[in-house]
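Notebook open, structure on screen. I'm jotting down what I look up, one entry at a time.

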Amino acid sequence: MSFYVVQFLSGLASAAALFLVASGLSIIFGVTRIVNFAHGAFYMLGAYVAFSLTERLSGTLGFWGGIVLAAVVVALIGVLVEMLLLRRIYRSPELFQLLATFGLTLMVEDLAVLIWGPDDLLGRRAPGLRGAFDFFGQAIPTYDVLLMVLGPVVLGALWLLFHRTRWGVLVRAATQDRDMVAALGVNQKWLFTSVFALGVFLAALGGALQIPRDAVNHTMDLRIIVDVFVVVVIGGLGSITGAFVAAVLVSELNAFGILIFPKISIILVFLVMAAVLIVRPWGLFGKPEAAARQTPGLAVQPWRPLSTQARLAFIGVLVLAAALPLLGSNYALIVGAEIAIFVIFAVSLHFMMSVGGMASFGHAAYFGLGAYGVAFLAKLAGLPMIACLLLGPLLGLFGAIIFGWFSVQLSGVYFAMLTLAFAQIVWSIAFQWVDVTGGDNGILGVWPAALVATPARFYWLSLAITALSVVVLRVLVFSPFGYALRATRDSGLRSEAVGINSKRIQWTAFVIAGTFAALAGALFAYLKGSVFPDNAGIALSVDSLVMVLLGGVETVSGAVVGAIVYKALSIWLVSYTELSKLVMGGVIVLLVVMFPKGIVGTFDSLIESGKLSFLKRGSSRATQTEGAE
Amino acid sequence: MSTAAALLAVDGLTKSYGGVHAVRGVSFTLAAGEILALIGPNGAGKSTCFDMLNGQRKPDRGRVQLLGKDITGQPPRRVWRLGVGRTFQITATFPTMTVRENVQVALVSHANQIFNLWRSTPDFQRDAADRLLALVGVEGYAERPCGELAYGDLKRLELAIALANEPKLLLMDEPTAGMAPRDRIELMRLTARIAREQSIGVLFTEHDMDVVFEHADRILVLNRGTLIAEGSPEQVRRDPQVRAIYLGEGLVYDARHQEGAGA
Ligand SMILES: Nc1ncnc2c1ncn2[C@@H]1O[C@H](COP(=O)(O)OP(=O)(O)O)[C@@H](O)[C@H]1O
Ligand SMILES: [Mg+2]
């Protein structure tokens, strides 16, 4: 019995950090409407900075001073980030805000490794709190007791701050109605900055307080952000009370899940989240959000099917690509096959993201499922390649059916957070279920059939499947289904009012996109001859987003161009620099801030504005206008 | 007029938002081919009524019947399939499609082809789409991005979309709000003509009393959620309660009332 009590109390202690980070995220979202993906990065920075400070400052005062000082330092970094980056994107579509803060996360990760090294750092124990209470024979660390008390104390302090100070009242007013506060003559810029600073302070404090309990390392950011997303999805984004209740709930589920179902504790949290989403899609304490504008709204150029010239050009490029084995080395062919596979991956995300307005931050889940599907069939069932290629993606299809059903109940940032959480679940299963997946060691020896075992033949196979996928998805874009999908993105109100069942359409699109991603994953497994948990990892999900963004979110063919350029660049980059995340993160931030239309989008607007008028086709004389609505 | 013959029969419709009683016990009927105006000051509950009629919101109490069939609480897409077209106070169209494609999407849905993965939508029932565009007078913009249209033309486009499923009933919430006075009169004349020709029942709201009196067969007056008067234009015009509200609001009958985007 006492064992369970102790387990419960330990869960409460873990809830503290989760609550601090989640409440910070919620406060920032309430006022700025930005879901700060970089919140996990600030949490991690808090831990690293606190580690360095407490190593240098001695004594009790030095320790606690170091913890608080670390949170202040990171909050100041947050202020810089807000002023230099976020102020430029407050009016951008939410996809871009998510991506920019994600880019930031990538950069911070590499910088942390650069400064503090890649190894786990063990911090100082809290002076005076090293001992443990005896609870009927079970030990409770004294430090955990402190954390248990801290959660409710911070909750109370935040309540006082928001109800008893002028600043807090202003923040609450801004959460209700931003424009009203501007009308009151309040300097909105500084209100935003101060709110962001508070949110970052809380996250960093949460991180700093972890050092006596846990080792500090550079994967803390993604681990916590996924948990935090689960917390805010359950508790309701924007609600501090919700963050508290859900943080306790999630921590307790984790604490007891480990006891009851050690292998699948993560599934337990997922089941609870799913149940909450069905009953209350906006979380336990959240309020329904007014539907966010789904269209990126950078341009209103309608999409047109390819002209005959463009089709001929496509075939021409394809023929040229097919000629690569005549000139290229084996290395070039392997790279070429990889690029082709990523074209399928990017185009599948484009279908749900650009056509359907569903920006998935976990598209790699389906890529990974496809890859593992092939590996299981090939290694465990011993099926021939052709059967594996056809049946393997079914695993991705089933995954998309289940995860997609839940995801399409939500939209905008909630959708993004949920898809990310699902992808993390897939990754965790691949990582933890060692008996079946081989865990971190992956599954090796997934070799293609002899018929396509040479680099040239495998390249041709990949190219053919890619060309077919691109054509099929393009036909879908212009099919009645594709238009109905785009209709749900453009105006949910109008599409429901003309008989379109938005959720069913979006679910179907999700499944189609997931299946094509799984097909890409299946090919990838054969290309590499092995599968690993990272085939479903966050980095890969972000890759797919960047490929679409780089090519141009609002174009039909952008994903193809984006995938080719991005993949070629990143293969080149990885072989030239250790700091690929830093560079990649920087590229994402720059893209969002300076180049939001992407390659094809920019090219199109150059044509439209007459700078490349010799390429202009048709009689459309559109101008760039803000999206209507 | 017996209830059995009514195209639309509304009985005791009620809705409140928290403490605000937006609509209280509204009952009326509408016959096929009849043009019925629902008027009342801003915040009277007109849009809320429309939302409950087409299923956008669920009423707290009351019933909505279409041709004798209870449709209360059915989602908008079902109500649409039963032959109810709707235009919105703030236009809702598909801004990234061309004007023609906007209508084609509705035609695709009407033909139950939404899950068709193969055909080309830009070629789908193009003639039917163009006929609808011509009917409302925006055929010249068929290839233009819908996001570029002037507001008045968007309102016309909405009408074309609403007509795409050959509706029996049109619900038009402030169809002319935000249009120039000349365009308002033209659009309502057009609507009235189409409604009479195709025997479509129309329920509309409108702030321009000239327009209301010219076209409505009957008028319902809503104030603070309750129907306070009902009758022919002549009867309503003389009703002392109606006069009081409209004078109190500073709206004499022919005053031009500029609608903002709110309410
Ligand atoms: N979603 C809502 N939440 C709360 N109150 C609302 C909402 N929609 C409308 N109301 C209120 O209901 C009343 C009726 O509004 P509405 O139906 O829009 O009136 P009208 O269309 O006649 O101007 C108003 O007092 C309005 O403030
Ligand atoms: Mg209204």
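My helices (H or I, at least four residues) and strands (E, at least two) are DSSP runs, numbered from the N terminus.

Ground rules before I go on. This is a predicted model, where local features need pLDDT of at least 70 and side-chain atom pairs count only at pLDDT 80 or more, while totals for chains, interfaces and linings use all residues. Residues are numbered from 1 along each chain as its sequence is written, chains are lettered from A and ligands numbered from 1 in the order in which they are written, and side-chain values use heavy atoms, with hydrogens and water left out.

Buried means under 20% relative accessible area, exposed means over 50%, and partly exposed is in between (1.4 Å probe, protein chains only).

I ran the length check again on helix H2 (residues 39–56) of chain A. Its 18 residues should span 26 Å at 1.5 Å a residue, and the end C-alpha atoms are 26 Å apart, which agrees. H2(A) is mostly covered too, with 16 of its 18 residues buried.

**Entry: helix H14 of chain A**

I looked up two residues here. A:Ser354 sits in helix H14 (residues 330–355) of chain A. A:Ser354 has a relative accessible area of 1%, so I file it as buried. Where does the side chain of A:Ser354 reach? It reaches the backbone oxygen of A:Val553, at 2.6 Å. I call that a polar contact: a pair of N or O atoms within 3.5 Å, where within protein one must be able to donate a hydrogen and the other to accept it, and residues adjacent in sequence count only if both atoms are side-chain atoms.

A:Gly336 is also in helix H14 of chain A. With 14% relative accessibility, A:Gly336 counts as buried. A:Gly336 and A:Leu463 are 127 residues apart in sequence, and their C-alpha atoms are 8.5 Å apart in space.

**Entry: another pair in chain A**

A:Val248 belongs to helix H10 (residues 240–260) of chain A, and at 18% relative accessibility it counts as buried. From A:Val248 to A:Ala568 I get 320 residues in sequence and 45 Å in space, C-alpha to C-alpha.

**Entry: the magnesium ion in chain B**

Which residues coordinate the magnesium ion (ligand 2)? I find B:Ser47 (OG) and B:Gln89 (OE1), at 2.1 to 2.3 Å. The pair links distant parts of the chain, 42 residues apart: B:Ser47 is in helix H1 (residues 46–53), and B:Gln89 is in the loop between strand E6 (84–87) and helix H3 (99–110) of chain B. Donors are N, O and S atoms within 2.8 Å of the metal (3.2 Å for Na, K and Ca), and with water not among the atoms, sites may look incomplete. B:Ser47 is partly exposed at 22% relative accessible area, whereas B:Gln89 counts as buried at 10%.

**Entry: ligand 1**

I get 13 residues around ligand 1, and the closest are B:Gly43, B:Gly45, B:Lys46, B:Ser47 and B:Thr48. A residue is near if one of its heavy atoms lies within 4 Å. H1(B) gives the most to this shell, with 3 residues.

Oxygen atoms of ligand 1 make these approaches:

- One is 3.0 Å from a polar backbone atom of B:Gly45.
- One is 2.8 Å from an N or O atom in the side chain of B:Ser47.
- One is 2.5 Å from an N or O atom in the side chain of B:Thr48.

**Entry: positive phi in chain B**

B:Asn112 has a positive phi of about 55° although it is not a glycine. B:Asn112 is exposed, with a relative accessible area of 59%.

B:Ser199 is not a glycine either, and has a positive phi of about 55°. I place B:Ser199 in the loop between helix H6 (181–198) and strand E8 (201–205) of chain B. B:Ser199 is partly exposed, at 40% relative accessible area.

How values were computed: The expected span of a helix is 1.5 Å times one less than its number of residues.
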